[in-house]
Amino acid sequence: MFRSRWFTVPLFLILFFGGGFLGSQLAAVVAPDSRVAEFISFFALPVAFVFGVVAWAGAAIPCAVRVLIGRFQGRERSPAPGKTAVDPLIPPGSFLFVPLSVVTSSLAGLVVAILATRLGFGWVVCLYVMLGLGYGLTCWKLAQGGYLEFPTH
């Protein structure tokens, strides 16, 4: 399904800056007096988003090569059931948003847990892992559903 750029661009911005906002708000709750915790938390999810988009593009290369070889050999792929030939192909690899988000938020959570004053170390790390998991699943499902446009240039 084709999404308008009027929808896709704001969604990219919301995911990018919204991730930073969520991270900084979580840091403000668990380590209220630490600017370092807020700084690290602000960048954890946006970094995961950027690396996720790049990894998605990289993971799609084998799929693109197979399609290209098939076209050179004269084999046209028929659309999957329920799709038309004009529906855009959503390349595989968008699942990489999930592990990248979990890793970056976990690393941020480890640093923030050292600085945290309101909760124990384990709770802070667990909160950051859950935040990363939720963020990664959101990005993945939006990409899989065609709401995040695949990077083409």
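A salt bridge here is a side-chain nitrogen of Lys or Arg within 4 Å of a carboxyl oxygen of Asp or Glu. By that rule the count comes to 1: the side chains of E38 and R35 meet with N to O at 3.1 Å. The two sit 3 residues apart in helix α2, so about one helical turn separates them. Helices are DSSP runs of H or I, at least four residues, numbered from the N terminus.

A word on what you're looking at: this is a predicted model, where local features need pLDDT of at least 70 and side-chain atom pairs count only at pLDDT 80 or more, while totals for chains, interfaces and linings use all residues. Residues are numbered from 1 along each chain as its sequence is written, and side-chain values use heavy atoms, leaving out hydrogens and water.

Now on to α4 (residues 97-115) and α5 (residues 121-144), which pack at about 155° with axes 7 Å apart. Angles over 145 degrees count as roughly antiparallel, and therefore α4 and α5 are roughly antiparallel to each other. By class, their contact has 19 nonpolar, 6 polar and no charged residues.

Technical notes
Axes are lines fitted to C-alpha atoms, for helices over the stretch in contact, and angles run from 0 to 180 degrees between N-to-C directions. Angles under 35 degrees count as roughly parallel, over 145 as roughly antiparallel, 65 to 115 as roughly perpendicular and the rest as oblique. Ala, Val, Leu, Ile, Met, Phe, Trp, Tyr, Cys and Pro count as nonpolar, Asp, Glu, Lys and Arg as charged, and the others, Gly among them, as polar.
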